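The following paragraphs go through a model of two chains, beginning with the place where they meet. Please keep the sequence and the coordinates in view while reading.

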Amino acid sequence: MFFMVLLSQHTTCFMFSITAQLQDCSCKLRTTPSTSPWRRLFTNFFPHSFMNLPQKILILGWMEQMEKNHPDVVSSVMYGMTHEKRNITLLKIGLNSTLPKKAIWMDCGIHAREWIAPAFCQHFVKEILGSYKTDPKMNELFKNLDFYITPVLNMDGYIYSWTRLWRKSRSPGSDGCTCFGTDLNRNFYANWGMVGISRNCCSEIYNGHSPLSESEAVAVTDFLSANRDQLLCFLTIHSYGQLILVPYGHPNISAPNYDELMEVGLAAAKAIKAVHGVDYTVGTPPDVLYANSGSSRDFARLIGIPFSFTFELRDKGDFGFKLPEDQIQPTCEEAYQGAMSIINYVHDKTFPSAAFTVTATLWTTLTAAWLSSTTLL
Amino acid sequence: MSEEGLVMTSRDLNPDYYEARRAGNAVQHYINTLYGSPFRLYSVTQVHKARTEAMADTGMKYFLEFSVKDWVGESSEWHGSVEVLYPRGETQAPPQVQGSWGGLPQLNISAKEQEFYQRYSAADSSVSGKDIPDSYGNIDREMKPFWHLARVAASFVMLNESNENTLYNMAQVAKITQLETQDDQLRFDYEVLLHNMVSQEIIRWKLLVSWSPAGGVKVLETELLPRCHCKSPTQ
C-alpha cells in the first residue's frame, strides 16, 4: 500500500509516495505521518481536504501519482462533473494500441459512506500496475483490454461523509423539499422509479426529480453509451453485505444471460472465499437483498454490456460502514480475486485464441520433447 | 392454499435469500437481548435451512436452522433451530422468537465483567464519548466494552422494530454519557445510530441503559430522535 505522507502546514512541500523516487520531492520536510488508513484514503483523493495550504502549491494526489509513475499505461480521463463542480475522473489503464480495444469498467464510491469501495479501487489499480510487467496473464489483459477505473464517483458525498453517514449526492431538493441529495444508484435510466425507491427527497433512496437529474449519473451514462461497443464488463463496488449482485433489480425482469451471470458470479464468490474464508452470496437484488430500480448495474446490462455486477464488500453488519482498519487489506485482497475471476472469464471468452495459443504452444513443446527423447533412444 | 385457517401454507426458503436473512437478523437481536454483555456479542453467521408458514390469524412464522457465535469471546459456532413469528397487524410489533438456548456458547466472562464493573462504579466515574467508531475507523480499546454494551442495548430496539421488511444493524454510537450509579447498576445515556438496510435509513435512538454483572443489560427508556434535515453547507 502506498504511504501518502500528510505534511504539516509549515512545510513548503507536498504529498509524495514513499515508494516513488524520493528525489522527486525537491524540498525539506517536517512530516507527521497520518497513520489511519481511512484518513490516508481521504487525503489520497482530496489532498486539499485537511490542509490550509495555498492553492498554488502543487499537490500530487494519488491519481496524478499513478499517471506520473506509469505514463506508458495510465492516463486520466475527465468525463463529467459533480453537482459541486468537482471533476469526475477515471484512470484508463492498459498497453497502448493503434486499434480500439475492448474494455472493463469499474467504479467505486457511488454511495458516499461506503468507504471500503474507493479503498478497493485503489488496491485494484495498485495490484494490476504492480503485476502487468511480470505476470504473463496480466500482461495479456493489458494488451487486449483497457481498464476504466473511477476510484470515487460521488465525490461531493464522499467528502461530506467524513463526519456523517451520508449516502446520496449533494444536489438540493426540488419542488419545495428542503433535504439534499439523490441516491445516484436509483437515478439511472433503468426501469427508473418502478420499485425500491422513494419519492420523498429526504429519503436515502430518493431516486431524483427525474431520471438522470444528477450530473454524476449523466457522466457515467454518457461514458457507457459512448463506449458501449468496447465495454465487456461493468463492475460497481459498494458496501456492506458480502454480496455479488446480478441484474436486474426488478423482480419480474430477467437478464437474458442470467444463467451465465450466476455461474460467473458463483465462481467469483468461490475465488473470494479461497483468500480468507469469507462467504459472499450471489443473486439478483430481489432474491438476496431487496428490489430496486434505476441502478447503474441495470443500465449497463440494458444497453448491452453483457457482464454487469455489483459487489457489496465486507462486512455483514457487525461494523457496517465503519469497517475496522485491520479489515481493509483483507477485504481488498479477497475482492481483488473475485473481480479478477470475472475479468479473466470475460477476457478468455472474448479472446479465445489466446487460450488456444497457450495450448498449441504446450503441445508443440511436448511434441518437441518427445521427439528429442526418442531420438536419444 | 389455506382454508379457514385449518390448512397452513408452508414454503421452503432459500437460506441465503432475503427472507431467511432478515429472519436470522431478528434472531441475532433476540439472542443479544438475552445473553449479550459488554464482553459478549452474538452474530448469526449463517442460516442453513428456512421455511415459512402463514399462520392464518396470527401472522407469518419462520422456521430456521442457523449458526451463531460469540464473536467478542471468539467462541465456536453453535447450530440452533428457532421459530420466528412476525405478527399480523397495522402497527409495528416485535417478532416473537422461540428457541432453546441451552447449548449456546457462553464463555466465562465474570472476571472481566467484575473488573469493568468495579472500575466504573467508582463514585467519580464519568465516562463519556462520541462517534464510536470514529472517522478513522477506530474504537479506543477502553471504549470497546461500552460499544459492545451499546450494541446489546440497541438490540432491544432493533428487535422491537423488526418486521419482514427490515434488516437492522447498529451503525455507530453517536454519544455515550455515564450517569450516576443507581441500585448498584451502572447507568448510561446512549445515542445510537441504527442502519436499516432495506430503507437505507440511519435512525437515531436515545437509550437509557443499566448494567451490572448480576443484573445484565436493561434498557430503561427509549426515545426515537427526529431526523436532522440540515441545510448546512458542504464543509
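In this predicted model, 38 residues of chain B are in contact with 40 residues of chain A, contact meaning heavy atoms within 4.5 Å. The size of an interface is often given as the accessible area lost when the parts come together. Between chain B and chain A about 3300 Å² is buried, and carbon and sulfur atoms give 49% of this area; buried area is the accessible area (1.4 Å probe) that two parts lose on being put together, summed over both. On the side of chain B, the residues that lose the most area to chain A are B:Ser135, B:Tyr136 and B:Gln200, which together make up 19% of what that side buries.

The rule for salt bridges (a side-chain nitrogen of Lys or Arg within 4 Å of a carboxyl oxygen of Asp or Glu) finds 1 across the interface of chain B and chain A. A salt bridge joins A:Asp318 to B:Arg151, with 3.4 Å between the closest N and O atoms. Polar contacts link 16 residue pairs between chain B and chain A, both residues being at pLDDT 80 or more. A polar contact is a pair of N or O atoms within 3.5 Å; within protein, one must be able to donate a hydrogen and the other to accept it, and residues adjacent in sequence count only if both atoms are side-chain atoms.

Which elements of chain B supply at least two residues each to the side that touches chain A? They are the helices α1 (18-35) and α3 (144-161) and the strands β2 (42-55), β7 (168-182), β8 (185-196) and β9 (201-212). Helices (H or I, at least four residues) and strands (E, at least two) are DSSP runs, numbered from the N terminus. By class, this side of chain B has 15 nonpolar, 15 polar and 8 charged residues; Ala, Val, Leu, Ile, Met, Phe, Trp, Tyr, Cys and Pro count as nonpolar, Asp, Glu, Lys and Arg as charged, and the others, Gly among them, as polar.

Helix α1 of chain B also holds B:His29. B:His29 counts as buried because its relative accessibility is 1%, where buried means under 20% relative accessible area, exposed over 50% and partly exposed in between (1.4 Å probe, protein chains only). Apart from residues up to four places away in sequence, B:His29 touches B:Ser155, B:Met158, B:Leu159, B:Ser162 and B:Tyr168.

Chain A has 11 helices and 8 strands, and 59% of its 377 residues count as buried. Among contacts in chain A with a separation of 6 or more, 73% are between residues 24 or more positions apart. A:Gly193 is in the loop between α5 (155-160) and α6 (215-226) of chain A. Is A:Gly193 buried, exposed or partly exposed? With a relative accessible area of 31%, A:Gly193 is partly exposed. Leaving aside neighbours within four places in sequence, A:Gly193 is in contact with A:Asn207 and A:Ser293. The C-alpha atoms of A:Gly193 and A:Gly208 are 9.0 Å apart, the two residues being 15 apart along the chain.

The model scores ipTM 0.93 and pTM 0.88. Mean pLDDT, the predictor's confidence in each residue from 0 to 100, is 93 for chain B, where 94% of residues reach 70 or more. Residues 1-5 of chain B have pLDDT below 50, and this stretch has 5 contacts beyond near neighbours in sequence. For chain A the mean is 85, and 80% of residues reach 70 or more. Its pLDDT stays under 50 over residues 1-34 and is below 50 over residues 49-60. Where pLDDT is low, the predicted coordinates should not be read in detail.

Residues are numbered from 1 along each chain as its sequence is written, and chains are lettered from A and ligands numbered from 1 in the order in which they are written. Local features need pLDDT of at least 70 and side-chain atom pairs count only at pLDDT 80 or more, while totals for chains, interfaces and linings use all residues; side-chain values use heavy atoms, with hydrogens and water left out.
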